[in-house]
Amino acid sequence: MTDLKRPRFILEKRLEDGRSEEPRVYELKDLSANWRSGRRGFLVAGSLFAAAAAYSCKEKPGGRKKPQPIGKGGPGSEDGSTSSAKPGEPVSLTPTEVKDEEKAEIENTGKCSPILAHVDTITCVALSRDGSKLVTSSKDKVIKIWDVAKGKLIKKIEKAHSDIVASVCFTPDASTIVSGGFDNLVKTWSAKTGKELKTMEGHVNYVRSVAVNPGGRIAASGSFDGTIKLWDVKAGALIQTLEGHAGHVNTVTFSADGKTLASGSDDMTVKLWGIEKGGHSLDIKVHREPVTSVALSADDQLLASADREGIVKIRKIATPQKAKTIEAHKGWVTAIAFLPDGKSIVSGGNDKAVKIWDASSGALLKKFHGDINTVKSIAVSPDGKTIVSGMWDGTIMVWDESGEEMASCLIDLQANRPENKARQFKYATKGGKTINYTVPCDVELPAGVKCTCDCIPGTYIEPFTGTDTPTFPGFGGPIGGIGCSCDTICTCIPVYF
């Protein structure tokens with residue numbers, strides 16, 4: 001009998017004060033190995049498990065109402081490996097299975113905890129077209145803009161949405177930010193001033209993903225209401241509503257030429273929408289679990305999709321019936337992105353791993369490891385040399401793709417407690433690139449580091465000499481004065497003000 005994986009459930013415990021604990025994977029160990037053929041038994045067992053979980057995690061009266069499923073998804077064929085040029089029309093598919101051997105040519109190390117960028121889970125990280133700026137969103141309802149090279153916070157938009165900010169992105173010129181939230185709204189913001197420009201209403205459930213076309217004129221939003229809406233960015237007006245998914249829309253992205261929009265859904269399908277052809281869609285049904293992320297290569301030749309089973313599938317758009325299948329992660333694959341050359345793809349998952357794969361062979365090329373938290377979002381710079389990952393614990397890690405350096409941590413001083421400390425320094429890579437690093441105190445520094453003299457104001461606190469001793473808001477403890485001491489930046493120093 002074939003040794004199949006037991007069905008797994010991922011639960012995230014939500015506490016009464018609004019916080020949530022890291023998702024954990026549970027297995028149903030009492031089912032037989034051939035559970036896939038016994039679908040009824042599996043559904044019964046799953047229902048009992050879900051009922052028990054729902055009872056133990058029941059919300060208090062007045063809590064936020066959870067989104068309801070809007071329909072049954074289409075699982076495709078028995079093994080989930082069908083594709084169609086027309087909706088519902090099955091075609092042959094013979095995927096090539098590639099397993100993660102847990103070996104990589106280069107392994108980077110990284111640790112950011114407890115150095116925080118946001119006070120709650122990161123939901124999205126997105127780079128500007130030139131790679132100089134990063135916009136991030138979080139369950140803390142805040143949008144932040146960062147200078148990537150300096151590793152510094154530029155702008156903060158507080159209470160951007162009345163609920164979780166689920167997705168953000170820049171327009172091509174980086175002048176405007178588009179956001180989507182669990183308040184069912186899509187908004188645009190000035191990246192320079194942080195001023196709200198437009199609010200777009202129309203979705204009747206959570207907005208999970210937003211994207212902007214290469215021309216910067218059209219924004220797309222995917223929602224738990226099962227629809228995708230196209231908006232005029234400047235006017236804030238609805239252009240068109242795309243319908244066809246039978247479940248929550250989790251992810252949307254535009255092609256490089258702007259003619260195609262790719263989407264992935266809980267209905268286990270990926271759809272390609274012809275934006276210039278009235279929204280006609282090509283349905284691709286090759287997943288056995290909900291689709292969590294989709295990506296298109298820069299040359300618009302390859303389409304990648306990921307799911308909650310830990311699978312990444314890569315296919316040529318010209319022949320979507322054939323796919324390369326990669327067993328990428330243990331648990332959900334939460335984010336994928338192509339590197340600019342289209343020859344490799346980076347993925348992140350609930351198994352606390354960031355990996356780079358060969359898009360052609362499916363071979364594992366690099367694995368970023370260390371004290372990495374559950375990965376929620378990934379962004380790749382236009383030159384392919386920088387990878388940014390947003391984590392469940394509120395940390396953001398900036399990686400050098402070459403594999404020769406450690407990860408740097410983005411830090412918002414106000415998101416960190418007084419007991420948190422860090423080191424800051426500059427380091428010249430073998431390729432001649434100078435990187436500004438912020439790392440926790442227990443991370444070993446490489447040889448040749450240079451103290452950072454243009455340190456973040458307020459990072460290092462001089463002893464206070466006044467008659468009144470101020471206190472840090474929320475903690476009540478005394479704080480010092482202001483200013484940085486370059487002689488101490490390479491040692492462990494406080495990271496609050």
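This is a predicted model: local features need pLDDT of at least 70, side-chain atom pairs count only at pLDDT 80 or more; totals for chains, interfaces and linings use all residues.
Next I checked who E309 pairs with. It forms a salt bridge with R288, and the closest N and O atoms are 3.1 Å apart. I then placed the two ends: E309 is in the loop between β22 and β23, while R288 is in the loop between β20 (280-284) and β21 (291-296). That makes it a link between distant parts of the chain, 21 residues apart.

How many salt bridges does a search of the whole structure find? I got eight.

Moving to R308, I found its side chain in a salt bridge with D266, at 3.3 Å from N to O. D266 sits in the loop between β18 (260-265) and β19 (270-274), and R308 in the loop between β22 (302-307) and β23 (311-316), so this pair ties together parts that are 42 residues apart in sequence. R308 counts as partly exposed at 26% relative accessibility.

Then the E196 and K187 pair. Their side chains meet in a salt bridge, 3.8 Å from N to O.

Now the backbone. I keep in mind that most residues other than glycine have a negative phi, and most peptide bonds are trans.

Entry on K141: its phi is near 70 degrees, a positive value in a residue other than glycine. I located K141 in the loop between β6 (133-138) and β7 (143-147). Its relative accessible area is 32%, so I logged K141 as partly exposed.

Entry on N184: phi here is positive too, about 70 degrees, although N184 is not a glycine. I found N184 in the loop between β10 (176-181) and β11 (186-190). At 22% relative accessibility, N184 counts as partly exposed.

Is the peptide bond from S113 to P114 cis or trans? I read it as cis, with omega near 10 degrees. P114 lies in the loop between β4 (106-111) and β5 (122-127).

How values were computed: Residues are numbered from 1 along each chain as its sequence is written. Side-chain values use heavy atoms; hydrogens and water are left out. Helices (H or I, at least four residues) and strands (E, at least two) are DSSP runs, numbered from the N terminus. Buried means under 20% relative accessible area, exposed over 50%, partly exposed in between (1.4 Å probe, protein chains only). A salt bridge is a side-chain nitrogen of Lys or Arg within 4 Å of a carboxyl oxygen of Asp or Glu.
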